[in-house]
Amino acid sequence: MQIYDINLDQTKKETTQHGTMDYPIAIYTTQISKNVLGFIDWHWHKELQFCIVTKGVVSFHVNKAEIIVSQNQGIFINSSQLHQAMNYQDYDSSYICLDVHPDFISSFPGSLINDKYINPYVQNNALEYCFLSNDIDWQKDILDNLLLIYQEYENNDEEFIILIQLLTIWNLFIKNYFSTYQTTYRKDYNIRIKQMIEYITNHYHENILLDDLAKEIGISKSTCCREFKDHMDCTIFEYIMNYRLIEATKLLLSSDYNITEIAYMCGFSTSSYFIKQFKNKTGVSPYVYRKEKQNNTKEILDTMNI
């Protein structure tokens, strides 16, 4: 199953329910270019995420780190970590994504299993991600188990077998990777970044001033800029511009608003400035982009006889 757009709240938390309350696991096949934005935007979720690249090369960003993952390699992204994914260079890339809530592999709240083997790692924000390569035995074992889970999920949906394989994967992480991190809980340094993101999400259509953003978070302007740049690998201005362009792209594809209306709705002072920034980002004007996407959609629907 492919997801073409991710539903997010004001803090960039994904609101999609992965699986069900009694079986909180879901597996997706993602061709990045088919996403409505052409990439997977910044987001976070409580679920643990395991990815295997099946075609091309993917650039994953987890907080301020960039991880280049090639075909047959993978990545584990821990709970509540900000991350995004995009094609690396000119590759048309695809990957399998497994999202599983920590509750699925834990025992019950307050249990020895939960307190000793699950929470210390899920709640340790120093433990952000782990790159997985076929060149290292224990990592290859994890990748092989993930592929087995994918096959079981697609063919038989054998819940108990999937649980056993996930516990096997978790045990491999504990023995070979998690043990290198202190298991004491660390302050969540993402909180202020998420607060900044929430403010931008709520005010992107307005003239956002650094003074107002810094006051909202309760820090100085210099600290605000430094922490955001260090964590997100871009300036606050660059992030605001990118967010406005993303929202404008959604309106181009989902509404009949004209270019000028979309420009003002997304916080651009003039339509000419919006067109210039959009073209710098995509290589085409908003008008051409809209027409091309509409034609592509029509061709898909015609092929499906819809």
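In the hairpin of β4 and β5, where two residues lie between the strands, N63 takes a positive phi near 55°. This is a predicted model, in which local features need pLDDT of at least 70 and side-chain atom pairs count only at pLDDT 80 or more, while totals for chains, interfaces and linings use all residues. Residues are numbered from 1 along each chain as its sequence is written, and side-chain values use heavy atoms, with hydrogens and water left out.

**The sheet around β4**

Helices (H or I, at least four residues) and strands (E, at least two) are DSSP runs numbered from the N terminus, and two strands are said to pair if DSSP finds at least two bridges between them. By that criterion four strands form an open sheet in the order β2-β7-β4-β5, with antiparallel pairing. Its edge strands are β2 (40-43) and β5, each of which pairs on one side only. Neighbouring strands of this sheet are turned by 20° against each other on average, direction ignored. Strands of a sheet pair through backbone hydrogen bonds, either parallel or antiparallel.

The two pairings of β4 (residues 57-62) are set out here.

| Partner of β4 | Residues of partner | Sense | Bridges |
|---|---|---|---|
| β5 | 65-70 | antiparallel | six |
| β7 | 83-87 | antiparallel | five |

Strand β4 is mostly covered, six of its six residues being buried, where buried means under 20% relative accessible area, exposed over 50% and partly exposed in between (1.4 Å probe, protein chains only). In a regular strand the side chains alternate between the two faces of the sheet. Both faces of β4 are covered, with V57, S59 and H61 buried on one side and V58, F60 and V62 buried on the other.

**The α5 and α6 contact**

The axes of helix α5 (residues 210-217) and helix α6 (residues 221-232) come within 9 Å and cross at roughly 85°; axes are lines fitted to C-alpha atoms, for helices over the stretch in contact, and angles run from 0 to 180 degrees between N-to-C directions. The two helices, α5 and α6, are therefore roughly perpendicular to each other, a label given to angles of 65 to 115 degrees. Their contact (heavy atoms within 4.5 Å) is made by L210, D211, L213 and A214 of α5 and K221, C224 and C225 of α6. These residues divide into five nonpolar, no polar and two charged, with Ala, Val, Leu, Ile, Met, Phe, Trp, Tyr, Cys and Pro counted as nonpolar, Asp, Glu, Lys and Arg as charged, and the others, Gly among them, as polar.

How values were computed
Parallel < 35°, antiparallel > 145°, perpendicular 65-115°, else oblique.
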